[in-house]
Amino acid sequence: MAQKYFINLRIILLTNNYFFRMGNPHTNKYQFKLSHDVKDIDQIEHAIEDIRKLWDVSDKSLFQLNLVLEELISNTMFYGFDGNKNGIIEVDLSFDGQHIHVSIHDDALPFDPTAAVDDSTETELDERKIGGLGIMLTQRISEDMQYEYHENKNKLRFKINTQPNVEHK
Amino acid sequence: MLNISKQHIQEFELFELGGRLDVAHANELDALVSDSLADGCRNFLFDFNSLDYISSYGIRIFVKLMRAEAVVSIVVTSDSVYEIFEMGALIEPLNIKRDLIESIKIFTQSNKT
C-alpha cells in the first residue's frame, strides 16, 4: 500500500515552475495544479489515470469527471487570464464512496459557470447552444454546483454522483 | 492520443476514430474533415468503435459539418459517449446510431431522396 502511495506522489517540472499531482488512497483525496498554459491540459488525463488506480470508481464516472474538468479548466485557460502569464488553477478532489467532491480555485477573471445557459432540449443546433455546450454538459453531470468570487479568486465547488441509482446513507 | 483512419467508400467518407477526441486532439480531426469538405465530400460516417472519450471540442466538429449542409452519421458503441450526445440532445440531429449498418442506411436513404 505504501508503495502505491509513493507511486502516486509525483513532482512534475513544467516550464520552470513546479506543479504537482498528489493522491492518497487512505484519505481518498487527490490534488493537482495547472498553469494558465493550455499545454498543461494533459494534466487532467494523467490525474484521471491516477484516480483510476486509487479509487473504486466506475469508468463512466471517471469519463464524466474528465469531461467536467476539461470543459471548466480549458474554458478558464482560453478566456480567463487575459495576458496574466502566471495564472494558476488548483484542483482538489475527494471521494466519499458515492460522490466525487470537486473544488477548483483559480486567479483568472471572474466567471460563474452556474449562470444559466440555453438548457433546452430542442433539436435545433443554434449558435448559442453549441457555444455553451461544454458548460451545459458540465451542469447536467454535476450536482450542487456553487460558485463564489472571493479575494480575487474564482472558487467553484460541486460533486459528481458515481452511483446515481443508489440512495446515499 | 487520437487515432484516425480515413477512407473513401462509395457513398461516404469513413472516419474510424480511437482514443481521445478532446481539446488537445480535436484539431487533428478538424483538419482532416475540413480537407474532405474542401474536396467536395458531403457524406461523412464516423465510427467511434474504439473511441474512449469525447468532449464538446470534438462534438463541435460534427455540428460544423451539419452547418456546412453535409450529411453526418456517427456509430457510437460506448454507453458513456452515447450519454454525452443524449445530454446535448444531439442523437437525432447528428444521426447517432448504435451499429454500423444503421449508420450506412442514412446515406443510402439520402441518395434515394
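Colleague: Hi! Let's start with chain A. How many helices and strands does chain A have?

Modeller: Hello! Chain A has five helices and seven strands. Remember that we are looking at a predicted model.

Colleague: And what pattern does chain A follow along the sequence?

Modeller: Reading along the sequence, you get α-β-β-β-α-α-β-β-α-α-β-β for chain A.

Colleague: What percentage of chain A is made up of buried residues?

Modeller: Chain A has 169 residues, and 33% of them are buried. There is also a figure for contacts in chain A between residues at least 6 apart in sequence: 58% of these join residues at least 24 apart.

Colleague: Which residues is Ile100(A) in contact with, leaving aside its neighbours within four places in sequence?

Modeller: Its contacts are Val57(A), Ser61(A), Leu65(A), Leu93(A), Phe95(A), Lys159(A), Ile160(A) and Thr162(A). Take Ile160(A): it is 60 residues from Ile100(A) along the chain, yet their C-alpha atoms are separated by 5.1 Å.

Colleague: Nice. What about Gln163(A), where is that one?

Modeller: Gln163(A) is in the segment after β7 of chain A, a strand that spans 153–161. Gln163(A) has 13 C-beta neighbours inside 10 Å, so it counts as partly exposed.

Colleague: Switching to helices. At what angle do α2(A) and α3(A) pack?

Modeller: The angle between α2(A), residues 42–54, and α3(A) is about 155 degrees, and their axes are 10 Å apart. The two helices are therefore roughly antiparallel to each other, since angles over 145 degrees count that way. The crossing of α2(A) and α3(A) is right-handed.

Colleague: Which residues make the contact?

Modeller: From α2(A) you have Ile44(A), Ile48(A), Ile51(A) and Arg52(A), while α3(A) brings Leu62(A), Leu65(A), Asn66(A), Leu69(A), Glu70(A) and Ile73(A). By type, that contact holds seven nonpolar residues, one polar and two charged.

Colleague: Now chain B. How do α1(B) and α2(B) pack, roughly parallel or roughly antiparallel?

Modeller: Here α1(B), residues 26–38, and α2(B), residues 56–67, pack at an angle of about 15 degrees, with their axes 9 Å apart. These helices are therefore roughly parallel to each other. Their crossing is right-handed.

Colleague: And what residues meet there?

Modeller: Ala26(B), Leu29(B), Asp30(B) and Val33(B) of α1(B) meet Tyr57(B), Gly58(B), Ile61(B) and Leu65(B) of α2(B). They divide into six nonpolar, one polar and one charged.

Colleague: What about the largest nonpolar core? Which residues touch the most other members?

Modeller: That core has 65 residues, and Phe48(B), Phe62(B) and Ile74(B) touch the most other members. The largest share of the core, nine residues, comes from α3(A).

Colleague: What is Ile74(B) in contact with, apart from its neighbours within four places?

Modeller: Ile74(B) contacts Phe46(B), Phe48(B), Phe62(B), Leu94(B), Asn95(B) and Ile96(B).

Colleague: Last topic: phi. What is phi near for Asp144(A)?

Modeller: Phi of Asp144(A) is near 50 degrees, which is a positive value in a residue other than glycine. Asp144(A) belongs to strand β6, residues 143–150 of chain A, and counts as exposed because it has 10 C-beta neighbours inside 10 Å.

Colleague: And Asn152(A), what is its phi?

Modeller: Asn152(A) has a positive phi of about 60 degrees, and it is not a glycine either. You'll find Asn152(A) in the loop between β6 and β7 of chain A. With 9 C-beta neighbours inside 10 Å, Asn152(A) counts as exposed.

Note on methods. Residues numbered from 1 in each chain as written. Chains lettered and ligands numbered in written order. Predicted model: local features only at pLDDT ≥ 70, side-chain atom pairs only at ≥ 80, totals over all residues. Core = buried A, V, L, I, M, F, W, Y, C linked by C-beta atoms within 7 Å. Buried ≥ 20, exposed ≤ 12 C-beta atoms within 10 Å, placed from the backbone. Helix = DSSP H or I, 4+ residues; strand = E, 2+ residues; numbered from the N terminus. Contact = placed C-beta atoms within 7 Å. Axes fitted to C-alpha atoms, helices over the stretch in contact; angles between N-to-C directions. Parallel < 35°, antiparallel > 145°, perpendicular 65-115°, else oblique. Left-handed = near helix turned anticlockwise from the far one by under 90°. Nonpolar A, V, L, I, M, F, W, Y, C, P; charged D, E, K, R; others polar.
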